[in-house]
Amino acid sequence: MNDERLTVTRAADDTAGPRPGPHRTGRPDHPLPSDRPEQPDQPEQPEQPRGRGRRGPGPVTLLLLPALVTVTGVAAFLALGGLPSPGSDDDSATDPSAAVDIDPSYIPWLRRAASACTVLEPSVLAAQIDQLSGWSDDSDELSGQKGIAAFTDDEWRTWGKDDDGNGRSSPRDPADAIMALGRRDCSLAGKVTELRTAGRINGDLVELTLAAYAVGEDAVTEAGRVASAAKTYLDEVRALLPRYEALDREDSGGGAGGAAGALLTAPVSPLTITSPFGSREHPLTGVTKLHTGVDFAAPQGAQVVAARRGRVVFAALTSAYGNRVVIDHGTIQGKRVETTYSHLSSLGVAVGQTVEAGAPIGRVGSTGLSTGPHLHFEVILDGYYTDPRPWVVPNGV
């Protein structure tokens with residue numbers, strides 16, 4: 001329940017590498033896709049002189065050639081990555097979603113937005129956003145489009161909401177933009193489904209939905225299929241889909257026991273939210289500020305488990321959070337992921353201990369600034385608090 005920023009003392013024997021700085025509230029910077037360097041032109045091969053016979057290798061060549069081959073082979077091996085670094089905690093080798101080159105905080109929102117209708121998959125939404133903006137939130141001054149989903153002000157008034165509960169609705173807020181695009185696409189999917197059922201149009205529902213997004217429902221209806229004017233947009237989105245197919249797999253990023261569509265295992269069961277992430281008035285202090293996690297109702301002494309495999313970096317009593325556990329889950333796409341568990345009645349783990357997803361770490365309680373037994377659960381991405389609901393709750397509800 002407490003809203004204080006996370007400040008923990010790392011153990012002296014912590015060998016997990018550099019830690020992220022002080023945890024801050026708000027949104028992280030959104031990475032732009034890196035441009036691929038152009039390949040230099042190959043130099044022209046000099047013309048071979050004519051009239052001279054081919055000669056065999058000389059003695060110097062025979063002596064140096066084996067060494068040259070060895071050096072070249074080693075250089076090529078190192079260029080390809082060499083030996084794996086020992087003790088690496090990067091999950092990208094085993095986590096299929098880590099291969100998706102987007103901010104990991106977007107993934108649960110893509111899944112939540114796609115869950116609004118059966119036609120959409122997270123990969124489709126991701127490919128759409130890639131085509132629309134390349135994941136850049138820069139505004140297009142000429143068209144008036146804003147944010148990663150390229151909404152105009154008029155469009156935003158129809159589709160935009162404060163989905164992440166941070167007190168503002170903005171097309172420049174990635175979570176809000178992703179959810180708004182999902183609502184818009186699902187609305188179009190419903191309309192083209194009705195038209196196809198009535199026999200007025202023919203074709204694949206996903207393609208018809210994307211075509212309706214590109215040129216409008218009326219143009220698709222008039223054509224009776226994917227309108228020719230939408231084919232370029234459709235081809236571009238289709239070409240981007242393979243980049244994001246890992247998002248459609250239920251096991252991409254979740255630990256054992258996680259719900260389908262969620263990235264983390266439920267820390268308590270059942271999941272009953274009594275206070276969501278977002279701005280609120282603290283029930284004890286009366287101060288209005290960001291509630292940095294989600295409060296799950298649970299009886300005194302109920303088992304609390306780790307939401308993902310990781311290393312315990314904090315386990316102690318604090319004045320505000322009471323008994324508190326912080327687990328470092330390693331680096332995913334260059335961003336550190338941590339989860340916290342507060343107001344526990346007892347601690348079941350110690351600093352430095354490695355735990356698996358679903359492993360017991362403590363018991364529900366009401367220690368610290370708390371009005372009753374519950375679990376205050378947080379997800380921290382590269383030092384920033386983010387809404388835990390789409391990470392752990394099926395469909396983010």
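In which loop is the place of Asp382? The last legend below gives the answer.

**Figure 1. Overview of the predicted chain.** This is a predicted model in which local features need pLDDT of at least 70 and side-chain atom pairs count only at pLDDT 80 or more, whereas totals for chains, interfaces and linings use all residues. Residues are numbered from 1 along each chain as its sequence is written, and side-chain values use heavy atoms, with hydrogens and water left out. The chain has nine helices and 12 strands; these are DSSP runs numbered from the N terminus, helices being H or I of at least four residues and strands E of at least two. Of its 397 residues, 44% count as buried, where buried means under 20% relative accessible area, exposed over 50% and partly exposed in between (1.4 Å probe, protein chains only). Among contacts in the chain with a separation of 6 or more, 65% come from residues 24 or more positions apart; a contact means heavy atoms within 4.5 Å.

**Figure 2. The disulfide between Cys117 and Cys186.** A search of the whole structure finds one disulfide, a term for a pair of cysteine sulfur atoms within 2.5 Å. Cys117 is joined to Cys186 with an S to S distance of 2.1 Å. The pair links distant parts of the chain, 69 residues apart: Cys117 lies in the loop between α2 (107-114) and α3 (122-133), and Cys186 in helix α5 (residues 174-197). Because the torsion about the S-S bond of Cys117 and Cys186 is about -75 degrees, the disulfide is left-handed. Both Cys117 and Cys186 are buried.

Figure 3. Asp173 sits in the loop between α4 (153-159) and α5. With a relative accessibility of 1%, Asp173 counts as buried. Its side chain reaches the backbone nitrogen of Ala175 at 3.1 Å.

**Figure 4. The cis peptide bond at Pro270.** Ser269 and Pro270 are joined by a cis peptide bond, with omega about 0 degrees. Pro270 belongs to the loop between α8 (231-240) and β1 (273-275).

Figure 5. Ala150 is not a glycine, yet its phi is positive, at about 55 degrees. This residue is found in the loop between α3 and α4, and Ala150 counts as buried at 6% relative accessibility. Asp382, also a residue other than glycine, has a positive phi near 55 degrees. The place of Asp382 is in the loop between β11 (374-381) and β12 (384-386). At 26% relative accessibility, Asp382 counts as partly exposed.

How values were computed: A polar contact is a pair of N or O atoms within 3.5 Å; within protein, one must be able to donate a hydrogen and the other to accept it, and residues adjacent in sequence count only if both atoms are side-chain atoms.
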